[in-house]
Structures are given as structure tokens and as C-alpha cells.
Amino acid sequence: MSHIEDNDRDRDLAGLLGEPPILPGESENRYAALRAEVERTIKPKNIFEQMRVQTLTDTMWEEMRYKRFGAKLIDGARVNALAVLMTPFMSFSHRQAAALADDYYSTDPKKNEKAARHLAFFGVTLDMIHAKAAALEGPNLALFDRLIANRQTANRVLLNDHERRERKTKKSERRAKAAASEPAVKLKAV
């Protein structure tokens, strides 16, 4: 098969297996690099092994996405988390606590500096803010944890299957090699 025929076959096969699960803003190059590594490991010889490469790449990609989304959820909840943490220190005025949180995350250095002094005075740390944000986003983080666990299980099954197939192939190769090196059996004359 020529190089051109190989490329045409690969393109046709990619069309059959579907588009990769890349969202806007995600890197097609990173996905392609991941797929190339998976393909280099699996060394597919037929459509079923190509499907395994595609599925494994997709589930690994989605697992990384969900981990990233979990971190973004926490990041997005920081202002609200800080407001919740500061409310008891602001005479339970959520409005004042929210204003302080807005100032802390402001791009205005004067507002930011003043708010940072308040946080330091009350002993509020970044870890506390992130922990509160994680607590506020708990149900959503739990959803992403389930999605991640699902993808990890799928990956584990696929990798175990691949390893089992490799062991079986090596065992067959060893048997064939041993059979080839054995001397022919001589029959006894009676």
C-alpha cells in the first residue's frame, strides 16, 4: 500500500470513528499529540484496535477536561466564597462582605491592597477561600468526580484488555519460537 493510500485509509477511518470530542477553546494539537501517543502504544493493526485507540484517547481527553472544569468551578466561586467567609466579620452584612470580596479580586491595586489587609487581619487565607469555594461547589464537583471516575474505569478496562492481548501475543510468540527450536521427534524402530 502506498503512502497516499495509507493517508486516504486513515482519513476514511477517522471519518468512520467520528470527530474527536474537542470543545471550542481546546487544543486540537494537544488532542492529536495524545492520540499519537496512544496509537504508538497500542500499535493498531485493524479497525477494532483503531476503535480502541479512539475510545481510549477520547476518555483520557474527557477525564483531563473534567479535572480542569473542577478547578475552574472552584476558581469561579472564589468571590462568593470570600464574601461568605467575611460576612461574620462584617457585622453579618453580606453586602459589605461582597464589596470587600469584589475589592480583593479587583484589578485596582488600591482596592486590592486594602481588602488584602482586612483578610490578613481576620486571618483569612487563600486556602480558606479555595476550601469554601470547593464546599460551595460541592454538588457540581461531585458530578465531575463521577464523570472522572467513569472515564478512569473505561480507561482501566481498555488498558487491561490491551495488556492482556500483549501478554497473549508474547506467549504465542514464545511457544512458536520454542516449537521451532525443538528437534524433530524420532520414532523408535521396533
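**Figure 1. The buried side of helix α4.** Here we zoom in on helix α4, which covers residues 78-86. Its buried residues are A81, L82, A83, L85 and M86. What lies over them? The cover includes α5 (94-104), α6 and α7 (126-136). Keep in mind that you're looking at a predicted model.

**Figure 2. Stepping back to the whole chain.** Now for the wider picture around that helix. The protein chain has 8 helices and 0 strands, and reading along the sequence gives α-α-α-α-α-α-α-α. How many of its residues are buried? Out of 190 residues, 26% count as buried. The chain exposes about 13,500 Å², and carbon and sulfur atoms supply 57% of that area. Among contacts with a separation of 6 or more, 61% are between residues 24 or more positions apart.

Figure 3. Is K111 buried or partly exposed? K111 counts as partly exposed, because its relative accessibility is 42%, which falls between the 20% limit for buried and the 50% limit for exposed. Leaving aside residues up to four places away in sequence, K111 touches D103 and S106. L100 makes a handy landmark too: K111 and L100 are 11 residues apart in sequence, and their C-alpha atoms are 8.6 Å apart in space.

Figure 4. Staying on α6, which runs over residues 109-122, look for E113 and R117. Their side chains meet in a salt bridge, at 3.5 Å from N to O. Why might such a pair form? Side chains of opposite charge can pair when their charged atoms come close. As for the spacing, E113 and R117 are 4 residues apart in the helix, so about one helical turn separates them.

Figure 5. Which of the pair is buried? R35 is, with a relative accessible area of 16%. E39 counts as partly exposed, at 28% relative accessibility.

**Figure 6. D75 meets R78.** Next up is the place where helix α3 (47-76) gives way to helix α4 (residues 78-86). The side chains of D75 and R78 form a salt bridge here, with 2.9 Å from N to O. D75 is partly exposed, with a relative accessible area of 37%, and R78 is also partly exposed, at 23%. This bridge is one of the 11 salt bridges that a search of the whole structure finds.

Figure 7. To find K45, go to the loop between α2 (28-42) and α3 (47-76). K45 counts as exposed because its relative accessibility is 67%, and the cut-off for exposed is over 50%.

Methods. Residues numbered from 1 in each chain as written. Predicted model: local features only at pLDDT ≥ 70, side-chain atom pairs only at ≥ 80, totals over all residues. Heavy atoms only, no water. Helix = DSSP H or I, 4+ residues; strand = E, 2+ residues; numbered from the N terminus. Buried < 20%, exposed > 50% of the residue type's maximum accessible area, 1.4 Å probe, protein only. Contact = heavy atoms within 4.5 Å. Areas by Shrake-Rupley, 256 points an atom, 1.4 Å probe, with all protein chains shown as cover. Salt bridge = Lys/Arg side-chain N within 4 Å of Asp/Glu carboxyl O.
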